[in-house]
Amino acid sequence: MDKDEQKIETVSYEKQRFIKLFVNGIYYRAPHRHTEPEIDLVCSGNYKVITQGTAYDAVKGDVLVFSPYQNHELKSSSGDRVQVLILQISKEWFKSMQLGNISFGETLVSASGNTEALGKVYRDFQDLSRNYFRNGPLSQLQCSRDLSALVYDLMQIVPWENRENMADDYEQARFENLLAYIESHFTGKISLQDMGDFMNLSPQYLSHLFTKTLGISMRDYITKLRFNQAIRLIDSTSLPLIDICYECGFSNYKYMSGVFKRELSMTPMEYKENNGVRPEKSYKTTNEYIYPDSLSLDIVNRLMTDLIPEDCE
């Protein structure tokens, strides 16, 4: 795994103080995560989202919600470029709304779900997009209003919690170092003692910090990293499954097979046979295109013509 593809990305907010909004044309987006929440709306095409050991098939109109530090990988299912409206929100905005360190309990909100509630979210997305991409004299004020409406309406249909007891800035910096260490070593033998020696912290404190910050045990997180890496290698190479097993850090094939059955309800061989090895497609390098503002707004407006119910106009 390319270490750079797993790094924590820092979001810059050049146009708006708390918001970054853009349409991204994606063939493949390498595994990555942000320190802050992200909300995506699929504008066209079908693509697969792999996050926390689960693969979701997203289609036009689906909404994807990523909590801070939630690792996610995106790739087109059909081979065509997928257009996705991506909203990244500063954690400082959530703090100003007394939402603290918000964490969402679901990733995929299907377009086939609650049409009335989703209609409100679509309308909020359209209002926010118009004011953001046009960037008029009152854009900051208008976008703040639209963002509040969007997050509020989304919180009515997506489980969430305010993790007030999450790590402070000093602990967060140490946590990021811990993640970087794990992601550089997970394909080999790795232990709490090794990580404690590296960070000069006790294994007990590291385990507590990890679970408190991500809501998942360190062991489960490492297993998910190995599982995600196995998925990528099956999808993009013709390596034998036993070689993939050891290359990803699994102790034996039986253990890897058990993880696949738990996560996908199928064995690695069944996954390989169902999806096929596609050597002509490389999923090792990010391939995406950020659309200019004017074209982004056109894409969103065309999408909303199809998505917004008449009674939501």
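1. A word to begin with: a residue counts as buried under 20% relative accessible area, as exposed over 50%, and as partly exposed in between, using a 1.4 Å probe and protein chains only. By that rule Q70, at 6% relative accessibility, is buried. More on Q70 follows below.

2. Please keep in mind that this is a predicted model, in which local features need pLDDT of at least 70 and side-chain atom pairs count only at pLDDT 80 or more, while totals for chains, interfaces and linings use all residues. Residues are numbered from 1 along each chain as its sequence is written, and side-chain values use heavy atoms, with hydrogens and water left out.

3. Here is the overall picture. The chain has 11 helices and 12 strands; these are DSSP runs numbered from the N terminus, with helices being H or I of at least four residues and strands being E of at least two. Of its 313 residues, 52% count as buried. Contact here means heavy atoms within 4.5 Å. Among contacts between residues at least 6 apart in sequence, 76% join residues at least 24 apart.

4. Where does Q70 sit? Q70 lies in the loop between strand 6 (63–66) and strand 7 (72–76). Its side chain makes a polar contact of 2.9 Å with the side chain of T51, and the side chain of Q70 also reaches the backbone nitrogen of S67 at 3.0 Å. A polar contact is a pair of N or O atoms within 3.5 Å; within protein, one must be able to donate a hydrogen and the other to accept it, and residues adjacent in sequence count only if both atoms are side-chain atoms. Leaving out residues up to four places away in sequence, Q70 touches H32, R33, T51, Q52, V65 and T107.

5. Y69 belongs to the loop between strand 6 and strand 7, and is buried with a relative accessible area of 5%. Most residues other than glycine have a negative phi. Y69, however, has a positive phi of about 70° although it is not a glycine. R33 is part of strand 2 (residues 19–34) and counts as buried at 1% relative accessibility.

6. Now for helix 2 (residues 115–134). Its 20 residues should span 28 Å at 1.5 Å a residue, and the end C-alpha atoms are 28 Å apart, which agrees; the expected span is 1.5 Å times one less than the number of residues. Since 14 of the 20 residues are buried, helix 2 is largely enclosed by the rest of the structure.

7. What follows helix 2? Just after it, N135 takes a positive phi of about 55°. N135 is in the loop between helix 2 and helix 3 (139–155), and is partly exposed, with a relative accessible area of 41%.

8. Finally, helix 7 (residues 218–236) and helix 9 (residues 253–264) pack at an angle of about 90°, with their axes 11 Å apart. Axes are lines fitted to C-alpha atoms, for helices over the stretch in contact, and angles run from 0 to 180 degrees between N-to-C directions. Helix 7 is therefore roughly perpendicular to helix 9, a label for angles of 65 to 115 degrees; under 35 is roughly parallel, over 145 roughly antiparallel, and the rest oblique. Residues making the contact include F227 and I231 of helix 7 and V259 and F260 of helix 9.
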